[in-house]
Amino acid sequence: MTVESSAARGTRRGGTETGGDAGRTARAEQSPKPAKRATAKAPAKTAAKAPARKASGKAPAKRTPAKNARTAKPAGRAKAESPAEPQLVQLLTPEGKRVADAEYDPYVADITAEELRGLHRDMVLTRRFDAEATSLQRQGELGLWASLLGQEAAQIGSGRATRQDDYVFPTYREHGVAWCRGVDPANLLGMFRGVNHGGWDPNSNNFQLYTIVIGSQTLHATGYAMGITKDGADSAVIAYFGDGASSQGDVNEAFTFSAVYNAPVVFFCQNNQWAISEPTEKQSRVPLYQRASGFGFPGVRVDGNDVLACLAVTKAALARARRGEGPTLVEAFTYRMGAHTTSDDPTRYRSDDERESWEARDPIQRLRTHLEAEGHADEAFFTALEEESEALGRRVREAVRAMPDPDPMAMFEHTYADGHALVDEERAEFAEYQASFEDADGGHADVSGKAN
């Protein structure tokens, strides 16, 4: 059964080119304020010198703090930007109120009520699938699961900004992006159940297999983007990673190569505040998006719980990449509401008060409030969506339990393209070992010697 996502019901909205340099004026301030722990504690002197990010347009050949910093107070801004509260792109407040942004409004100016409902549907169904997977792991049906609870807006907004010819390189938590790319949710669970190494053909959806090694996919994405440039295509690449991965050497190497070769890649960092049990403030002395300036390309921080802002900012970054202006770092400032994985206990390292403060910024409730206030959705829509989400949960549950165990001999397949003598020897040895459990009647015995 093929799951039809919202994008399949109409033409996929590609990255528009209309908003690149239109009016770089007021930017919404972060509201409400994040927990104090989540703010980078840079020394005042260092923070004051940190250049403000330039979201689009080609970076100048020689970049200096004086040229990059916004020295004048932007028109219409209620208060001057504080070094402790970095600039944050926001189009929907936590209360669901639409706010203007001259730079990014053009990227969502023509969005329809139907498309807004589609974004809400995507987030609701993704959260329901994620909850079902967590339950399946607790029931022993999955070995492990990495929940995206709280990060739905960052993933759905950025995922919907991509075109079909763009290529996505995920980590292991991008279930919402996978949904946007048309990957059946049930296929995501095979690897976590231990019955396959991925579950889908990456080239069918331009969505790479999940990457468990932290940060390595950013190098893969950069190399692919460099290849796109050589091919002369106008598509782009987007690579996902977390705040913890930003400390990995692979990520920094990817930044270097992408900048030097002007690769059409967007680095989308979901800053969910915690790298397992390590807070972001121990990962960086400055806000993560500001790191981009040190590599020679722009960075931008977006409200990761605002699906509309994530959509607009990612569209702008992808459009910039397609114009040949190189990479962009997008930091989606969000929060991991659940555990890092189902083997983690977040109550050991973070407070209930912190979680509660972020619950007030729930991305799904934010858009629902906006839809209701604008008359874009009625109770019948939300009721039907709830029924659809429950049906998705049942289908995923049944699909997982019906997954057949893999042939043990399959582990030796697809290791080398042309075969290898050592692998052949290992295969033969393992086959002999398996055969040793066969009893005289041809039945199969387990290691305890009991026939089954």
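User: What counts as a salt bridge here, and how many salt bridges does that rule give?

Analyst: A salt bridge is a side-chain nitrogen of Lys or Arg within 4 Å of a carboxyl oxygen of Asp or Glu. The general idea is that side chains of opposite charge can pair when their charged atoms come close. The model is predicted, and by this rule the count comes to 23 salt bridges. One case is R128 with E390, whose side chains meet at 3.1 Å, N to O. R128 lies in helix 3 and E390 in helix 14 (residues 379-401), so this pair ties together parts that are 262 residues apart in sequence.

User: Which residues are linked with R128 and E390 in a network of salt bridges?

Analyst: The network links R128, E132, E390 and R397.

User: Where do E141 and R401 lie, and what does their pair tie together?

Analyst: The side chains of E141 and R401 form a salt bridge of 3.6 Å, N to O. E141 is in the loop between helix 3 and helix 4, while R401 is in helix 14, so the pair ties together parts 260 residues apart in sequence. R401 counts as partly exposed, at 45% relative accessibility.

User: How should I read the salt bridge of D303 with R366?

Analyst: Take the distance, then the places, then the burial. The closest N and O atoms of D303 and R366 are 2.9 Å apart. D303 lies in strand 6 (residues 299-303) and R366 in helix 13 (residues 363-374), so the pair ties together parts that are 63 residues apart in sequence. D303 is buried, with a relative accessible area of 6%. R366 is buried as well, with a relative accessible area of 1%.

User: Which side chain joins D303 in a polar contact of 2.7 Å?

Analyst: The side chain of Q90 does, in a polar contact of 2.7 Å. Q90 is found in the loop between helix 2 (65-68) and helix 3 (113-138). At 2% relative accessibility, Q90 counts as buried.

User: What lies 3.2 Å from a polar atom of the side chain of R160?

Analyst: The backbone oxygen of C180 lies at that distance, 3.2 Å. R160 itself lies in helix 4 and is buried, with a relative accessible area of 9%.

User: Now the surface. Which residues form a negative patch?

Analyst: E425, E426, E429 and E432 form a negative surface patch. E429 lies in helix 15 (residues 421-435). At 54% relative accessibility, E429 counts as exposed.

User: Which residues make the nonpolar surface patch of about 330 Å²?

Analyst: F257, V260 and Y261 make that patch. Y261 has its place in the loop between helix 9 (249-260) and strand 3 (265-271). With 48% relative accessibility, Y261 counts as partly exposed.

User: Where is N262, and what is its phi?

Analyst: N262 is found in the loop between helix 9 and strand 3. Its phi is near 50°, a positive value in a residue other than glycine. N262 counts as partly exposed, at 33% relative accessibility.

User: What is the phi of N206, and is N206 buried or exposed?

Analyst: Phi of N206 is near 55°, again a positive value in a residue other than glycine. N206 has its place in the loop between helix 7 (202-205) and helix 8 (216-231). At 15% relative accessibility, N206 counts as buried.

Definitions and conventions: Residues numbered from 1 in each chain as written. Predicted model: local features only at pLDDT ≥ 70, side-chain atom pairs only at ≥ 80, totals over all residues. Heavy atoms only, no water. Patch = residues over 30% accessible without salt bridge, like charges linked within 9 Å, V, L, I, M, F, W, Y side chains within 5 Å. Areas by Shrake-Rupley, 256 points an atom, 1.4 Å probe, with all protein chains shown as cover. Lys, Arg positive; Asp, Glu negative; His and termini not counted. Charge placed at Lys NZ, Arg CZ, Asp CG, Glu CD. Helix = DSSP H or I, 4+ residues; strand = E, 2+ residues; numbered from the N terminus. Buried < 20%, exposed > 50% of the residue type's maximum accessible area, 1.4 Å probe, protein only. Polar contact = N/O pair within 3.5 Å; in protein donor to acceptor, adjacent residues only side chain to side chain.
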